[in-house]
Amino acid sequence: MKRILPGFGLSFGFTMLYLSFVVLIPLAALLLFTVHNGWETFWNAVNDPRVFAAFRLSFSAALMAALVNGVFGLLVAWVMARYSFFGKRLMDGMIDLPFALPTAVAGIALTSLYTENGWIGSLLAPLGIEVAFTPIGVTIALTFIGLPFVVRMVEPVLKNLDKEVEEASALLGATPVKTFLTVIFPVLAPALLAGMALAFARALGEYGSVVFIAGNMPMQTEIVPLLIMTKLEQFDYGGATAIAVVMLVVSFLLLLLTNGLQWLLSKRLGQKGA
């Protein structure tokens, strides 16, 4: 049988060439530029209270947004996979809206909603809850852009899940909660974890939707991508690349850890299925 696509050697060569130009070469240039500037420049750039505050806000807000999306993304995926209702196609398109919507537009919309004069902010203000220009606003913006990752990873698994297994669990006397925790959730866990990891990684590098609602106050609501942009505008290329390298290394390690956990969950699930 004649193959439609070229063999492994040619396909792999084009793949590595493409990845080199798009991913590997830019990342290598970033690392080489940081090394060229020297350890002292790197240390002075990252050993700054303002930088530490930006890292703390970016990672904590991204983690919180990923956890929120893990819960509500699972709920949305469950509704989309298990039920038919009027307006389902419209809702399905709305889930992907953060992918297509320019992030700056999302940031302006969220800011107008959550300021003291906004539709939602005006309801929260009498309760003493401030959202816009606070870390809460940053978390909301990151939650908005990360939801589709969780839904799109979990929904196909739910659709392919054999309902006969759930029916067997119910016939054996298991409650709906026990069926979900012991039968359904272990199957969903790898996909859910992968979706949360993607949402977390996406949130770490988000700029457009956050820059408006954050307020960008140093030591309070300044995120790492904004700090990198500030360094570049000040022609502090050494400081910008140093911060970017730290973000790159930490993000890579977290994704590696997440992939490892996902592999362990899949392996354990496979062993139980056998």
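**Entry 1**

I took helices as DSSP runs of H or I with at least four residues, and strands as runs of E with at least two, numbered from the N terminus. The space in the largest pocket comes to about 270 Å³. Of the 14 residues that line the largest pocket, I noted L63, A197, F200, L254 and T258 as the closest to its centre. The lining of the largest pocket divides into 12 nonpolar residues, 2 polar and no charged, where Ala, Val, Leu, Ile, Met, Phe, Trp, Tyr, Cys and Pro count as nonpolar, Asp, Glu, Lys and Arg as charged, and the others, Gly among them, as polar.

For the search I worked on a 1 Å grid over the protein atoms alone, with a pocket being an open set of points that has protein on both sides within 12 Å along at least five of seven lines, a cavity being a set of points where a 1.4 Å probe fits but cannot get out, and lining residues having an atom within 4 Å of a point. Grid points were joined across faces, edges and corners, and each volume is the space filled by probe spheres set on the points.

**Entry 2: the cavity**

I then asked how many cavities of 30 Å³ or more the structure holds, and the count is 1. The largest cavity has a volume of about 30 Å³, and its lining is made up of S58, V138, L142, A203, L204, E206, V210, I223 and P225. Helix 8 and helix 10 each give at least two residues to the lining of the largest cavity, which I sorted into 7 nonpolar, 1 polar and 1 charged.

**Entry 3: helix 10**

Where does helix 10 bend? The bend of about 55° is at F185, and a proline, P186, follows within four residues; I took the bend as the angle between axes fitted to the seven residues ending at a position and the seven starting there.

I also looked up G195, which lies in helix 10 and counts as buried at 0% relative accessibility; buried means under 20% relative accessible area, exposed over 50%, and partly exposed in between (1.4 Å probe, protein chains only). G195 and A66 are 129 residues apart in sequence and 8.6 Å apart in space, C-alpha to C-alpha.

**Entry 4: salt bridges**

A search of the whole structure gave me 7 salt bridges, each a side-chain nitrogen of Lys or Arg within 4 Å of a carboxyl oxygen of Asp or Glu. One of them joins the side chains of E222 and R50 at 2.6 Å, N to O. This pair links distant parts of the chain, 172 residues apart, with E222 in the loop between helix 11 (208–214) and helix 12 (224–233) and R50 in helix 3 (residues 49–82). E222 is buried at 4% relative accessibility, whereas R50 is partly exposed at 28%.

In helix 8 (residues 135–160), E155 and R152 are 3 residues apart, about one helical turn, and their salt bridge has its closest N and O atoms 2.7 Å apart. E155 also pairs with K159, with the closest N and O atoms 3.3 Å apart; these two are 4 residues apart in helix 8, again about one helical turn. By accessibility, E155 is buried at 6%, R152 is partly exposed at 24% and K159 is exposed at 52%. Salt bridges with shared partners join D92, D96, R152, E155 and K159 into one network.

**Entry 5: the whole protein, and conventions**

I counted 13 helices and 0 strands in the protein. Its C-alpha atoms fill a box of roughly 65 × 65 × 35 Å along the principal axes, and 36% of its 274 residues count as buried.

I number residues from 1 along each chain as its sequence is written, and side-chain values use heavy atoms, with hydrogens and water left out. As the model is predicted, local features need pLDDT of at least 70 and side-chain atom pairs count only at pLDDT 80 or more, while totals for chains, interfaces and linings use all residues.
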